[in-house]
Amino acid sequence: MSGRSIRHPGPIAHERHAAVACQAQSLTITLEPGKTFNASVADALSAHGFQAGYVLLEDVPMKRMDYVIPAGSPGESHAAWYSETYVCPSGGTIRRAGLHLGRRDGEAFLHCHGLWEVPGEGLRMGHLLPFDAEVGEATQVRAYGISGALLDVADDAETNFRLFAPRAAPIANPARPRRAVLATVRPNGDICEAIEAICAEHGFDEAEVLGIGSLVGADFAGGGHVSSYATEVLIRDGRVSRTAEGLRARLDVAMVGMDGAIAEGVLVHGANPICVTFEFLILG
């Protein structure tokens with residue numbers, strides 16, 4: 001484990017991850033313009049009978065695309081915070097992003113991290129503001145509808161944020177169910193080791209890992225390093241496999257730090273602690 005860590009204002013929770021077994025259905029959904037991005041995603045999944053899901057965005061034209069990046073906290077109430085809003089009045093294109101759709105205060109709510117092309121600025125990365133974004137035209141994207149679990153926003157005493165947490169939900173009877181786990185992980189544990197522990201608990205020897213979250217900087221295979229103590233992260237390719245040393249997770253990620261710089265690569269195993277939270281859909 002790296003020597004990096006972050007101290008949050010609240011009491012440290014005993015349980016360091018939460019995971020709910022579920023089923024996932026591979027889908028192609030259509031995001032429609034004329035509504036908020038949040039509503040577009042929620043309506044597209046609902047049309048297939050799902051209230052929760054993970055959506056993979058590639059080359060999505062956007063009419064509006066406001067976002068934030070990580071920043072230092074303005075006070076002692078949080079260990080990290082968000083930057084000012086970056087406004088993209090001419091829209092742009094989401095090149096690659098991932099999002100979890102769950103619930104907040106009983107309503108559909110999504111959390112999205114990704115990379116986008118901003119006119120006149122080039123490639124940027126951050127946390128998309130779902131009520132301040134809109135697709136530019138009807139666009140098909142890949143998704144997984146989740147049955148039997150969903151992420152629900154709840155108060156988190158340790159971080160003093162309202163964060164997604166997995167809970168059991170009604171079965172939506174997917175046509176081609178794939179065994180899955182919906183999970184969140186708390187600060188300071190190594191991201192790879194946390195995934196391996198969840199897979200061991202749920203009997204996965206091989207798995208695909210989708211997700212977004214934050215890390216306390218990063219160490220990459222090949223020597224790259226990110227020093228920013230708060231980052232926003234997208235897993236571009238995540239895999240777990242059984243090796244001679246036991247279960248091993250390999251995560252290829254893109255991330256943005258507090259300076260707006262983008263870093264990409266494969267994370268060093270055992271060297272990358274979580275900053276605030278990480279949210280996973282693990283597919284067996």
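**Exercise 1. Describe how helix α2 begins, which of its residues are buried, and what follows the helix.**

D190 caps the N-terminal end of α2, with a side-chain oxygen 3.1 Å from the backbone nitrogen of C192. A polar contact is a pair of N or O atoms within 3.5 Å; within protein, one must be able to donate a hydrogen and the other to accept it, and residues adjacent in sequence count only if both atoms are side-chain atoms. The model is predicted: local features need pLDDT of at least 70 and side-chain atom pairs pLDDT 80 or more, while totals for chains, interfaces and linings use all residues. Residues are numbered from 1 along each chain as its sequence is written, and side-chain values use heavy atoms, without hydrogens and water.

Step 1. Helix α2 spans residues 191-201. Helices (H or I, at least four residues) and strands (E, at least two) are DSSP runs, numbered from the N terminus.

Step 2. The buried residues of α2 are I191, C192, A194, I195, E196, I198 and C199. Buried means under 20% relative accessible area, exposed over 50%, and partly exposed in between (1.4 Å probe, protein chains only). An α-helix has 3.6 residues a turn, so residues three or four places apart point the same way.

Step 3. The cover over these buried residues includes β1 (17-31), β11 (178-185), β12 (207-215), β15 (232-243), β16 (246-256) and β18 (274-283), where contact means heavy atoms within 4.5 Å.

Step 4. After α2 comes G203, with a positive phi near 75 degrees.

**Exercise 2. Classify the ring pairs W81–Y82 and Y82–F161, and state how exposed each residue is.**

Step 1. Rings of Phe, Tyr and Trp (its six-membered ring) pair if their centres lie within 6.5 Å; planes under 30 degrees apart count as stacked, over 60 as edge-to-face and the rest as tilted. This rule gives 8 aromatic pairs.

Step 2. The W81 and Y82 ring centres are 5.7 Å apart with planes at 55 degrees, so this pair is tilted. W81 is partly exposed at 34% relative accessible area, and Y82 is partly exposed at 35%.

Step 3. For Y82 and F161 the centres are 6.5 Å apart and the planes at 75 degrees, so the pair is edge-to-face. It links distant parts of the chain, Y82 in strand β4 (residues 81-82) and F161 in strand β10 (residues 161-168), 79 residues apart. F161 is buried, at 11%.

Step 4. Y67, Y86 and W116 form one aromatic cluster.
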